[in-house]
Amino acid sequence: MLRRYLHDWRLEQLPIPFHSLTVDLVQVRPVVRDQGDAVHAILESINLPVVSRPILRDGMVLVDGGVLNNLPADVLADRGADFVVGIDVASRVRHEFGGNKPEMSSEAMKQVGALDTLFRIFEAQAHNLGNIRNRAVDFWINPDTSRFPLAEFHRTREIAASGEEAALGKIAELKQRFSQVEQRLCNSSPRPDATCPPGNSNA
């Protein structure tokens, strides 16, 4: 399916610089890709354990990068990004699991299957790992995806609509922040790639 859109393109050919993050289970480390086959890089980065088998490539056993870093803003900051926008879909979690709610008595609670439990663990992991890495994010957009369980891939249109609604509500604020960042960069040491507002002393 991805080949239909990305053909045989490589990451370094894409008009917008792109990095993918995956995890190598052999060396238990994150792997950041900014070169190579774009389709391979994307598939590695979304290869959710248990749902799919690990991808074997170049001496590595690769799974979803979210296992170690679900919000890899630090990757962009480490590579020189001046302003990082974080889209966090794990910051809000529903307080219900397998039909069980906080106010229920022990007798009324329901047993939950192993696969659903594993998906919920992924949700909990993403929620808490994201909090650890918040410092690398300059501007947040937080769609409310709490009503969508992790495995409901068939509801992509509804999930995308939640993201679009959250992003549209932040456009005015984001433009203002961009303007502030642009001004700050122009007031610091001049950069050859900077486009400074007219009348700036370093323009």
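Which residue has a side-chain polar atom 2.8 Å from the backbone nitrogen of Arg10? In this predicted model, that residue is Gln13.

**Gln13**
- Gln13 sits in the loop that links helix H1 (2-6) and S1.
- Its relative accessible area is 52%, so Gln13 is classed as exposed, the cut-off being over 50%.
- Between the C-alpha atoms of Gln13 and Asp34 the separation is 10.0 Å, with the two residues 21 residues apart along the chain.

**Sheet**
- Four strands form an open sheet in the order S2-S1-S4-S3, and the pairing is antiparallel.
- Strand S2 (29-33) and strand S3 (55-57) are at the edges; each has a single partner strand, so one side of each has no neighbour in the sheet.
- From one strand to the next, the twist averages 40°.
- Strand S1 (residues 20-24) and S2 run antiparallel and are joined by five bridges.
- Leu21 has Val32 as its bridge partner in S2.

**Helix across the sheet**
- S1, S2, S3 and strand S4 (60-64) have helix H2 (residues 38-45) lying across them.
- The angle of H2 to S1 is about 60°.

**Asp88**
- The loop between strand S5 (85-87) and helix H4 (114-132) contains Asp88.
- Asp88 counts as buried because its relative accessibility is 7%, where the cut-off is under 20%.
- Apart from neighbours within four places in sequence, Asp88 contacts Trp140, Ile141, Asn142 and Pro143.

How values were computed
Residues numbered from 1 in each chain as written. Predicted model: local features only at pLDDT ≥ 70, side-chain atom pairs only at ≥ 80, totals over all residues. Heavy atoms only, no water. Pairing = 2+ DSSP bridges. Helix = DSSP H or I, 4+ residues; strand = E, 2+ residues; numbered from the N terminus. Axes fitted to C-alpha atoms, helices over the stretch in contact; angles between N-to-C directions. Contact = heavy atoms within 4.5 Å. Buried < 20%, exposed > 50% of the residue type's maximum accessible area, 1.4 Å probe, protein only. Polar contact = N/O pair within 3.5 Å; in protein donor to acceptor, adjacent residues only side chain to side chain.
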